[in-house]
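Let's take a walk through a protein model together. Keep the picture open and turn it around as you read.

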Amino acid sequence: MRYEVPADGFISRKDIEDMRKQVQNILRARSKEELLKLNLKKGFGSTRQFLEVVERRQQVLDVIEKWEAWINKTSGESAHIYVENFADCEAPPLNFVYLKDYRPGPGVTINNDPPLGCSCTNCYEQKNDCCAEGFGVRYAYNQNGTLLRTFGSAIYECNKRCMCGPDCNNRVVQKGRQVPLVIFRTANGRGWGVRTLQRIKKGTFVMEYLGEIITNEEAEWQDQERHVCDGVSWRDHHE
C-alpha cells in the first residue's frame, strides 16, 4: 500500500492524518463489497492479503508515532522532528542513537573550557574586538545570525567566558536547532533519510553534525577494518 507523495516532496500534517484515516477505514471495511466502495487500487491476490498489508501498515504507524514522541523528548529542542513512512511497511530504526553532544572515543578528552572570551556589550557592533578576532578569523554572522563565512572556514562563537548575554547574535549554533525536520523512509530503496519541511535561506543554521571524536590512530584502524576480503580483514593480512 503506497501513499502518493506530492511532486515537490513537501507533505503536510493533513496528508498524514488523511493516510491514518484511510488505513482505519480499510480495517473497518472487512467485506469485499465494502473494500470496493473505497475505490482501492488492484494488485493484491485476495482481500485477506490486502488486509494483512493494511494491518501491518497500522502497526508501523503506531510504532512511528511512539518513536517520534521519544526522539522529540530526547532532543529537547523546540523545533519538532517528524517521522514518516509513505514508502513501505518498514518500522523506523529503533537502534538509532540521538546525540545531543560530541562523544569522546578511546583516548580522547574533550576540553569544554574555552581559551578566551570577549568583553563586548554588543558583539556585532564590536565584532573587530570579539572572540573571532582573538583566534585570527573574521566574525561569522550578520546582524540576523546568518552565516557570512565561506564553506570550510572555522566559526568561533561567544562562550561562557564572554560578557555578552544569551541574545548575542554570535551565539547561533549553541541555541540549538530552530528548523523542523523529517526522518523519512525513501521510496527508492535507500533506507531512511532526513529532509526539511520548509525552504531554508542560504546561511541559516540547521543543526550540528555530531558524533564520536576519535584519534588519528583510531581513524586509520577503523578505515583498515573496512577493507574486508573473503571475510578476513586488511589488518589480519598485514600483521
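Is Tyr-139 buried or exposed? Tyr-139 is buried, at 7% relative accessibility; here buried means under 20% relative accessible area, exposed means over 50%, and partly exposed is in between (1.4 Å probe, protein chains only). Before going further, a word on what you are looking at: this is a predicted model, where local features need pLDDT of at least 70 and side-chain atom pairs count only at pLDDT 80 or more, while totals for chains, interfaces and linings use all residues. Residues are numbered from 1 along each chain as its sequence is written, and side-chain values use heavy atoms, leaving out hydrogens and water.

Back to the rings. A search of the whole structure turns up four aromatic pairs. Rings of Phe, Tyr and Trp (its six-membered ring) pair if their centres lie within 6.5 Å, and planes under 30 degrees apart count as stacked, over 60 as edge-to-face and the rest as tilted. Tyr-139 has Tyr-124 as its edge-to-face partner, at 6.3 Å centre to centre and with 65° between the planes. This pair links distant parts of the chain, 15 residues apart: Tyr-124 sits in the loop between β2 (103-104) and α4 (131-134), and Tyr-139 in the loop between α4 and β3 (181-185). Those labels follow DSSP runs, numbered from the N terminus: helices are H or I with at least four residues, strands are E with at least two. Tyr-124 is partly exposed, at 24% relative accessible area. The charged end of Lys-127 sits over the Tyr-124 ring, 4.1 Å from its centre; that takes NZ of Lys or CZ of Arg within 6 Å of the ring centre and within 35 degrees of the ring normal. Elsewhere, ring pairs link Trp-67, Trp-70 and Phe-96 into a cluster.

Now look at the strands. β3 and β4 pair in the antiparallel sense over five bridges, where pairing calls for at least two DSSP bridges between two strands. One example is Leu-181, whose bridge partner in β4 is Thr-196. The two strands form a hairpin with six residues between them, and Gly-189 in the turn has a positive phi of about 80°. In a regular strand the side chains alternate between the two faces of the sheet.

A salt bridge is a side-chain nitrogen of Lys or Arg within 4 Å of a carboxyl oxygen of Asp or Glu. Glu-84 belongs to strand β1 (residues 81-84) and Arg-195 to β4, 111 residues apart. Both ends are buried: Glu-84 at 2% and Arg-195 at 16% relative accessible area.

How many salt bridges does the structure hold? There are four. Another of them joins Asp-88 and Arg-185 (3.1 Å, N to O), with Asp-88 in the loop between β1 and β2 and Arg-185 in strand β3, 97 residues apart. Asp-88 is partly exposed, at 26%. Arg-161 and Asp-113 also meet in a salt bridge (3.5 Å, N to O). Arg-161 lies in the loop between α4 and β3 and Asp-113 in the loop between β2 and α4, so this pair ties together parts 48 residues apart in sequence.
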